Amino acid sequence: MTPEERKALAEQLNANPLLEGILNDMENSAIEVLIHEEHDRQGAQMRVRAVRTFRSDLAAALNTRPKKAAPA
């Protein structure tokens with residue numbers, strides 16, 4: 001898959017308000033578990049990290065600018 005194809009797919013995902021709502025709900029519910037419950041803290045931490053990593057990966061896929069070479 002080319003970087004342009006990845007960017008196009010990432011733009012489609014990013015434009016979908018349903019996906020953003022689902023990710024927000026997943027992250028918020030996992031944070032609530034971290035704050036209020038003693039059991040499954042590791043699982044909740046992993047869920048928060050997974051959502052944030054997905055968002056970061058999505059943002060990276062949107063960035064297709066060519067990397068600049070280091071100055072000589």
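## Helix 2 against helix 3

Helix 2 (residues 17-36) and helix 3 (residues 41-62) have axes that come within 8 Å and cross at roughly 150°. Axes here are lines fitted to C-alpha atoms, for helices over the stretch in contact, with angles from 0 to 180 degrees between N-to-C directions. Helix 2 and helix 3 are therefore roughly antiparallel to each other (angles under 35 degrees count as roughly parallel, over 145 as roughly antiparallel, 65 to 115 as roughly perpendicular and the rest as oblique). The helices are DSSP runs (H or I, at least four residues), numbered from the N terminus.

The crossing of helix 2 with helix 3 is left-handed, that is, the near helix is turned anticlockwise from the far one by less than a right angle. On the helix 2 side, the contact (heavy atoms within 4.5 Å) includes Leu19, Leu23, Met26, Ile31 and Leu34. Helix 3 contributes residues including Ala44, Val48, Val51, Phe54 and Arg55. By class, this contact has 11 nonpolar, 2 polar and 6 charged residues. Ala, Val, Leu, Ile, Met, Phe, Trp, Tyr, Cys and Pro count as nonpolar, Asp, Glu, Lys and Arg as charged, and the others, Gly among them, as polar.

## Model and confidence

This is a predicted model, in which local features need pLDDT of at least 70, side-chain atom pairs count only at pLDDT 80 or more, and totals for chains, interfaces and linings use all residues. Residues are numbered from 1 along each chain as its sequence is written, and side-chain values use heavy atoms, with hydrogens and water left out.

The protein has a mean pLDDT (the predictor's confidence in each residue, from 0 to 100) of 89, and 97% of its residues reach 70 or more. Confidence is lowest in helix 1 (residues 3-15), with a mean of 90, and highest in helix 2, at 94.

## Helix 1 against helix 3

The axes of helix 1 and helix 3 come within 8 Å and cross at roughly 130°. That makes helix 1 oblique to helix 3. Their crossing is left-handed. The contact joins Arg6, Lys7, Ala10, Glu11, Leu13 and Asn14 of helix 1 to Phe54, Leu58, Ala61 and Leu62 of helix 3. These residues divide into 6 nonpolar, 1 polar and 3 charged.

Aspartate 40 lies in the loop between helix 2 and helix 3. Although not a glycine, aspartate 40 has a positive phi of about 60°. Most residues other than glycine have a negative phi. Aspartate 40 is partly exposed, at 39% relative accessible area (buried means under 20%, exposed over 50%, partly exposed in between, with a 1.4 Å probe and protein chains only).

Proline 66 is in the segment after helix 3 and counts as exposed at 74% relative accessibility. The C-alpha atoms of proline 66 and glutamate 4 are separated by 11 Å, with the two residues 62 apart along the chain.

Methods: Helices (H or I, at least four residues) and strands (E, at least two) are DSSP runs, numbered from the N terminus.
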